[in-house]
Amino acid sequence: MLRFALRRMALLVPTLFGLTVLLFFWVRILPGDPARSLLGQRATPEGIAKVNERYGFDQPIWKQYFLYVKALAGGDFGSSIKLHEPVLDAFVNKLPATIEISVAALLFAILLGIPLGYYAGRHIGGWLDTTIVSGSLLGVTIPVFFLALLLKYVFALQLHLLPTQGRQDARMTTDHPTGFYTLDGLLTGNFSAFTDACAHLVLPGLALGTIPLAIIVRITRASVAEVVHEDYVRTAEAKGLLRGTVNRRHIMRNALLPVVTTIGLQLGLLFAGATLTETVFAIDGVGQYLFNAIGVRDYPVLQGFILFIALMYSLINLLVDLSYGLIDPRVRVS
Amino acid sequence: MTTPPDVLVSPASSGDADSSESTSGESLWRGAFKRLRRSPMAIIGAAIMVVFVAVALLAPVLAPYEPASTQWTNLSTPVFVQGSNSEHLLGIDRWGSDMLTQLLFGARQSLIIGVVSTLIGLIAGAGLGTLAGGFGGWVDSLVMRFVDILLSIPSLLLAISIAAAMGKSSFALMVAIGAAQVPIFARLLRSSMLGQNRSDYVVAAESLGLRRRTIILGHVLPNSLGPTIVQATLNLATAIIEVAALSFLGLGNDDPAVAEWGRMIVSGQDRFLVAPWLAFYPGVCIAITALGFTLLGESMREALDPKQRR
């Protein structure tokens, strides 16, 4: 198990190295001069030269790459050209908002998806199964941002049940020791701040969680449908085990393996989807920050954020692989 | 070197040689097509696809007005608030253009960008996958490490990065969305080719003394294409959604004369309270089109699955 984990981690190294090369050169081919975009339309040649010198844009390209990697190794991910804050700080500051809506989305997808998928998998061909499958097909094909708009229109603008945007009611003044607004509400004992933060998570969570929900339903359904026909399930039933025990220990435990992989993969994709959802609901998270950075060609922010997201995505996939061993003893042995 | 006699190596039916010969004797593709015709999912999907393609091709004929022509019927009250009437079946958009016309031409834009981007992804990805799966060894390692790097960035983020780098145009969208599909096709084709590498017909072709390149391109590749075609159909759905998503984020073609569903949603978004249909119609169009390709792709996957044959 340890050797497997180490080998799996070693594979990350060339990927991340390649990623830095790719990101470095990608940023250089972006059209538009960063110095010019920083200084605006009235930039003087002297001003541009000064900015280029300050950020090292006048050095030969290989030297720029070398400096970039050297800085990365020292934990320096550069500073935003536009906002003058360190990229790492910005990412850490924006992360809680994105994690909150991603967790909300994933909770919604898992808590609803696994039971629905299980039910459909046990009753293949029934009318409820057909409904669930059709619903999940629709869930994958409806664009996230369009769904977000629809939800906002119906539940916030028409029914006034939930807030339209942001992370917290503007009239609320609270402390934010962690940056996770839900957690902050609980920690500071401000229960109304907690419920308010939760209410702000409902619509973004639903919008962002629909695609993972649809995918989890389908994988669970297919996996359960395959497992119920296994010999060991028949044996367990023949032994006279309680139905609940068979379901839990024999069917679900075996059927969950592909579901766990899927959930892990979805977690990474949520970060990309969050860009769209955060835009619709005006949530001040990683996605929106990244999007604003693209608009003003803030190179260091783009490089840093994509690198961080890719790193998190790879680490999550690593954890998924490792979690196999916990769920499936067969993997541990081999 | 000539091609081997068909008696020995019949590419069409050798996907899973033992089961296909014993059951019906018909080819995998013909059987799959037969099953497709009986599947309601496939019929609905194909119908949606046919309507979509027809609309996209015939947009200039079907549309009641010129695209992007603005008719300011009444400048004092916003025209879009009127909604549908006898002259404009689906009403008028914010810029005074006929909504139906814009939607029809939007289909054209989605079809072109969707198909071209999927083709870019398919050709580049299939090329890489064939290299990796066909030649193995260090070529395989090199190609797959590159694919791993691409896969370490979530695909929408990859598309956003490329579109942002190339500036706002339809061409940028095609390349961005196509590039994001490359790793998917590369991995898929590689694994299905590796699966074919040790099959009987490859061994037979090798024993006939065929060159490696001929075997890969003439035998292994055609037999590995099934899952790739299915994936391409499914990716068309994703591509159409991603076109809209990138336009929604302001990365699409910003020429107002080109109707595009994603951008129509954006411009309708600001008027959601007074005229929700402005964003609603294009959104529904995207969802239905994507649903059509997904239904067709899914039923093709089922039909091509050897386990489904009876």
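Q: Does Ser247(B) count as buried or exposed?
A: In this predicted model, Ser247(B) sits in helix H9 of chain B; helices are DSSP runs of H or I with at least four residues, strands runs of E with at least two, both numbered from the N terminus. A residue is buried if 20 or more other C-beta atoms, placed from the backbone, lie within 10 Å of its own, exposed if 12 or fewer, and partly exposed in between. Because Ser247(B) has 25 C-beta neighbours inside 10 Å, it counts as buried.

Q: What ipTM and pTM does the model score?
A: Residues are numbered from 1 along each chain as its sequence is written, while chains are lettered from A and ligands numbered from 1 in the order in which they are written. As the model is predicted, local features need pLDDT of at least 70 and side-chain atom pairs count only at pLDDT 80 or more, whereas totals for chains, interfaces and linings use all residues. The scores are ipTM 0.78 and pTM 0.80.

Q: Which element of chain B has the highest mean pLDDT?
A: pLDDT is the predictor's confidence in each residue, from 0 to 100; its mean over chain B is 77, with 81% of the residues at 70 or more. Over residues 1-24 of chain B it stays under 50. Helix H1 (residues 17-23) of chain B has the lowest mean of the elements, 41, and the highest, 87, belongs to helix H4 (residues 99-135) of chain B.

Q: Which residues does Ser247(B) touch, not counting those up to four places away in sequence?
A: Two residues are in contact if their C-beta atoms, placed from the backbone, lie within 7 Å. Gly91(B), 156 residues from Ser247(B) along the chain, has its C-alpha atom 23 Å from that of Ser247(B). Beyond four places in sequence, Ser247(B) touches Gly252(B), Glu260(B), Gly262(B) and Arg263(B).

Q: Which residues have the most contacts inside the largest nonpolar core?
A: A nonpolar core is a set of buried Ala, Val, Leu, Ile, Met, Phe, Trp, Tyr and Cys residues joined through C-beta atoms within 7 Å. The largest core has 163 residues, and those with the most contacts inside it are Ala159(B), Ile160(B), Ala176(B) and Leu246(B).

Q: How many residues does the contact take from chain A and from chain B?
A: Chain A has 15 helices and 0 strands, and chain B has 11 helices and 0 strands. Of the 334 residues of chain A, 37% are buried, and of the 310 residues in chain B, 49% are. The contact between the chains takes 35 residues from chain A and 32 residues from chain B.

Q: How do the residues of the side of chain A that touches chain B divide into nonpolar, polar and charged?
A: The largest share of this side, 8 residues, comes from H12(A). Ala, Val, Leu, Ile, Met, Phe, Trp, Tyr, Cys and Pro count as nonpolar, Asp, Glu, Lys and Arg as charged, and the others, Gly among them, as polar. The side divides into 27 nonpolar, 8 polar and no charged.

Q: Is Ala282(A) buried or exposed?
A: Ala282(A) lies in the loop between H12 and H13 of chain A. Its phi is near 50 degrees, a positive value in a residue other than glycine. Because 11 other C-beta atoms lie within 10 Å, Ala282(A) is exposed.
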